[in-house]
Amino acid sequence: MSIVEILKEKLSSLNPEISEGKGFVSVKVEKDGLKQTARILRELGFDHVKTVTAIDYPKENEFEIIYHASSFLNEELAKYIIELRTRIPRDKPEIETLTDIWSSAEFPERETFEFFGITFKGHPDLRPILLLPEVVDKKPLRKDFVVKEEGIFR
Amino acid sequence: MSTVESIPKKLPGMDVNKLGKDLYEVFIGPQHPGSGHMRIIIRVDGDVIVEADPDLGYVHRTMEKLAEGREFIKVIPLMERMAILDACNITLPYVEAVEKLLDIEPPPRAKYLRVLLCEINRIASHLYGLGIFGVFLGHSTMYMWPFGDREVFVELAEKLTGARLTHTYPVPGGVRRDLPQGFAEDAEKAIRYMEKRLEEYRKIFLDNPVIQKRLIDVGVISKNLAAQLGIVGPNLRASGIKYDVRIIEPYEVYDELDFEVPVFEEGDAFARAWIRIIEMQQSLRIIRQVLEKIPDGDPLHEKFWAKAPALYKKVFEQTKRVKLIPLYANLKVPEGRAFARGEAGRGEIVYMVESNGSTKPYRVRVVSPSFRNAIVFRYIVPGHRIADLPAIYGSIDYFPPEADR
């Protein structure tokens with residue numbers, strides 16, 4: 001059984017969109033089903049996340065939140081990377097944290113919080129990690145923050 | 001006139017605040033000679049650390065944002081500035097992700113050349129890590145020796161790519177230079193020298209009773225905790241988890257090469273030091289095999305040659321150097337998203353590249369091994385004495401510019 005079939009079977013109650021991408025298996029769920037999906041993935045053996053990140057789509061007025069989960073302890077599952085993703089509205093950037101399921105999400109969630117201004121509800125220690133407070137306010141990885149680069153002759 | 005007053009209340013680089021009766025807050029870094037450009041805020045009860053909070057970001061350069069404003073090819077020299085010693089390992093997954101989007105595969109010779117530089121970089125990176133580790137432990141010979149021997153591999157990389165560090169060697173579709181004449185002989189000399197030296201490292205460093213006393217059973221990370229925290233690289237393998245991207249998802253030609261990935265069960269600082277020495281031995285093995293097996297052919301994909309001016313092919317035939325084809329300057333990458341991972345010197349590095357069909361990436365997400373290892377300080381350091389902190393820090397091989405990106 002391929003990983004896509006296994007996931008389809010295990011996650012059937014949540015009705016996710018599962019497809020194979022370039023280097024990952026994509027699992028798209030509704031915002032409310034994110035935590036439940038993560039829990040099922042954790043039980044399947046996906047024991048850590050590699051990254052937590054977001055992508056800004058200002059045209060659609062949405063953020064896409066992405067968790068890349070994989071496994072260390074199960075060598076068979078380690079071959080796969082599950083891209084667990086969901087969309088949240090841009091004007092209400094809030095989502096429940098997954099740190100209670102994956103401890104490894106702690107630092108990357110803090111990073112996503114400071115770069116996009118997305119609040120992870122229930123995160124044990126939601127502070128900026130890389131940036132200074134005045135830069136955090138500008139939410140630098142959103143598309144409406146434009147970097148002005150100096151040319152050679154200025 | 002008392003002499004007590006003339007003692008400065010604060011030591012430079014070290015702030016100490018009293019929190020309770022016996023609890024003090026100590027700021028270690030970011031200028032502390034031990035910690036590099038990173039600060040660890042620890043709370044100590046007497047000599048025992050009760051809480052540690054890693055404070056990163058002192059050398060943050062917003063690489064992910066800058067990448068959105070640059071052409072695909074220009075992201076390579078930007079990203080490799082994270083860890084200049086490990087440039088090929090750091091940028092290779094990005095190049096692979098772009099290749100996945102372009103749907104091209106580099107020719108076999110290019111794949112071998114990439115692996116060759118990756119392993120040269122891995123050795124240089126481990127030597128750097130060991131040198132810093134040595135100086136943390138007050139073992140100055142272990143600082144001088146690896147830093148001197150690192151030069152051998154930096155020069156080897158220079159022969160191959162033309163640059164000591166920041167080589168920008170892999171580009172989508174291939175590599176930028178072919179193997180120079182006489183490289184195999186130089187590499188063989190370097191391998192023989194290094195094999196001898198690694199044996200000497202073992203004698204002077206790992207067999208040293210003082211070093212053993214300071215490292216054994218210090219900073220123990222159990223197998224389950226390692227998986228839970230998601231740490232990577234030699235640190236993960238020292239905790240008994242056999243996870244190496246070169247074996248789990250062999251990229252380039254790692255599946256055609258014969259090498260072993262050392263795994264230790266102890267999970268302490270001593271195991272982490274040992275594992276780096278063994279990995280270097282294995283990297284030397286890989287270099288030798290690559291130079292034996294490397295096939296003839298072109299180091300750049302024919303699709304790119306087809307669009308290059310005739311002069312470029314001529315330059316290549318004469319100098320073995322791929323002049324960067326003008327096509328790269330406005331290379332349009334098809335719409336889509338790709339994910340790639342690779343095993344850098346310090347651990348797994350992952351890239352997610354999203355393109356919207358233009359010449360610049362829509363989003364590049366990179367997570368470096370040191371950033372993923374930083375969480376160790378928070379969960380492993382408490383319970384140890386302050387004197388153990390440099391040993392743990394050094395054994396993790398944490399590299400701030402790489403973590404901060």
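Modeller: Let me begin with a definition: two residues are in contact if their C-beta atoms, placed from the backbone, lie within 7 Å. This is a predicted model, in which local features need pLDDT of at least 70 and side-chain atom pairs count only at pLDDT 80 or more, while totals for chains, interfaces and linings use all residues. Residues are numbered from 1 along each chain as its sequence is written, and chains are lettered from A, and ligands numbered from 1, in the order in which they are written.

Colleague: Which residues of helix α2 of chain A are buried?

Modeller: A residue is buried if 20 or more other C-beta atoms lie within 10 Å of its own, exposed if 12 or fewer, and partly exposed in between. In α2(A), which covers residues 34-44, A:L34, A:T37, A:A38 and A:L41 are buried. Helices (H or I, at least four residues) and strands (E, at least two) are DSSP runs, numbered from the N terminus.

Colleague: What puts these residues on the same side of α2(A)?

Modeller: They cover an arc of only 100° around the axis, and therefore lie on the same side of α2(A); the arc is that of the directions from the helix axis to the C-beta atoms. An α-helix has 3.6 residues a turn, so residues three or four places apart point the same way.

Colleague: Why does A:E134 count as exposed?

Modeller: A:E134, which is found in helix α4 (residues 133-136) of chain A, has 7 C-beta neighbours inside 10 Å, and because exposed means 12 or fewer, A:E134 counts as exposed.

Colleague: What makes chain B as compact as a globular protein of its length?

Modeller: The radius of gyration, taken over C-alpha atoms, is set against the globule rule, which is 2.2 Å times the number of residues to the power 0.38. For the 405 residues of chain B the rule gives 22 Å, and the radius of gyration is 23 Å, close to that value, so chain B is as compact as a globular protein of that length. Chain B has 17 helices and nine strands, and 49% of its residues count as buried.

Colleague: How many residues of chain A are in contact with chain B?

Modeller: By the contact definition, 31 residues of chain A are in contact with 35 residues of chain B. The largest share of the side of chain A that touches chain B, six residues, comes from β3(A).
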